[in-house]
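Subject: Structure handover

Dear colleague,

Here is the structure for your files. My notes on it follow below.

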Amino acid sequence: MALKRQIAAVFKLAGYIMIKVFASNTSERFTSMAAHIDMKQPILKKNDELASELRERFAREHVYVIDLLASPGSGKTSTILATIDALRDEFNIAVIEGDIASSVDAEKIKSQGISAVQINTGGACHLESAMIKRAVDVLDLERLDLIIIENVGNLVCPTDFDLGENIKVMILSVPEGDDKPLKYPGVFQVADAVILNKTDTMPVFDFNNDDFVDSVTKLNPTAPIFPISATKGIGVDAWSEWLAERIRQA
């Protein structure tokens, strides 16, 4: 029988597109069809393929790459600056800054005499390997030993996207609370190391360090935890020496 009315609705949620088509005819018979199209896997597959190419490129050039994950305000940029100060005498370093907008952080890095490339995602909550490739193309890899990628401030989206890095490092600051591993387990599970920043504020906040360490260890038993205060230089030596050893061995 002839189709009288057709309504199509498309919903996009968490990487999935669901298409529903509803139809009815003159006899009031109702039929429905629902199709689920997983858009996440094709996107990740393309991203991972390019990330593998980047990883091979970094290996050929002997460049070590870190992907820093954290929420806004955790002290990513201050941690990067402290790490640069600790390592710059031994390694040539560049930084790729990921932000939704502005170039504030990149300018801070450049003011220290370090090459920096700014990526503005225009609203996207994470960096992707295609963005990294464009940034890397403007860097002189032959003279670099270390690239630090400061991902967009987010504890969820960046965990799924391989950027060709050697390691992912997660930064949490004390003011964010000791319960973050329970609320956002994924980012702690993918991290090769965890930095607890702003430890100098511990007396001011209701932060239970034992609970935090226990939660992280249960999620990721192999990841070392480095308590630091980046702006005051507390604990930076231990973190930087761990990183330096990884670079030397790469």
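Cysteine 125 and cysteine 157 form a disulfide, with their sulfur atoms 2.2 Å apart; a disulfide here is a pair of cysteine sulfur atoms within 2.5 Å. The structure holds one disulfide. Cysteine 125 lies in the loop between β6 and α4 and cysteine 157 in the loop between β7 and β8, so the pair ties together parts that are 32 residues apart in sequence. Helices (H or I, at least four residues) and strands (E, at least two) are DSSP runs, numbered from the N terminus. The torsion about the S-S bond of cysteine 125 and cysteine 157 is about -90°, so this disulfide is left-handed. Cysteine 125 is partly exposed at a relative accessible area of 21%, and cysteine 157 is partly exposed at 24%. Buried means under 20% relative accessible area, exposed means over 50%, and partly exposed is in between (1.4 Å probe, protein chains only).

Please note that this is a predicted model, in which local features need pLDDT of at least 70 and side-chain atom pairs count only at pLDDT 80 or more, while totals for chains, interfaces and linings use all residues. Residues are numbered from 1 along each chain as its sequence is written, and side-chain values use heavy atoms, with hydrogens and water left out.

Next, the sheet. Seven strands form an open sheet with parallel pairing, in the order β6-β5-β7-β4-β8-β9-β10; two strands pair if DSSP finds at least two bridges between them. β6 (115-120) and β10 stand at the edges with a single partner strand each, so one side of each has no neighbour in the sheet. From one strand to the next, the twist averages 20°. Strand β5 (residues 93-99) runs parallel to β6 and is joined to β6 by six bridges. In this pairing, glycine 98 stands opposite isoleucine 119 in β6. Helix α4 (residues 129-136) packs on the sheet, touching β5, β6 and β7 (146-150), and its direction makes about 145° with that of β6. Axes are lines fitted to C-alpha atoms, for helices over the stretch in contact, and angles run from 0 to 180 degrees between N-to-C directions. Contact means heavy atoms within 4.5 Å.

A search of the whole structure finds five aromatic pairs. Rings of Phe, Tyr and Trp (its six-membered ring) pair if their centres lie within 6.5 Å, with planes under 30 degrees apart counted as stacked, over 60 as edge-to-face and the rest as tilted. Phenylalanine 207 and phenylalanine 212 form a tilted pair, 5.5 Å centre to centre and with 50° between the planes. Both of these residues, phenylalanine 207 and phenylalanine 212, are buried. Ring pairs link Phe188, Phe207 and Phe212 into a cluster.

Phe188 is also in contact with asparagine 220, as are Gln189 and Ala191, leaving aside neighbours of asparagine 220 within four places in sequence. Asparagine 220 is found in the loop between α7 (209-219) and β10 and is buried, with a relative accessible area of 7%.

Another tilted pair consists of phenylalanine 226 and tryptophan 242, at 5.5 Å centre to centre and 55° between the planes. This pair links distant parts of the chain, with phenylalanine 226 in strand β10 (residues 225-227) and tryptophan 242 in helix α8 (residues 236-249), 16 residues apart. Phenylalanine 226 is buried at 9% relative accessibility. The buried residues of α8 include Trp239, Trp242 and Leu243, and the buried residues of α8 pack against β4 (64-70), α2 (76-87), β7, β8 (167-173), β9 (193-197) and β10.

Regards
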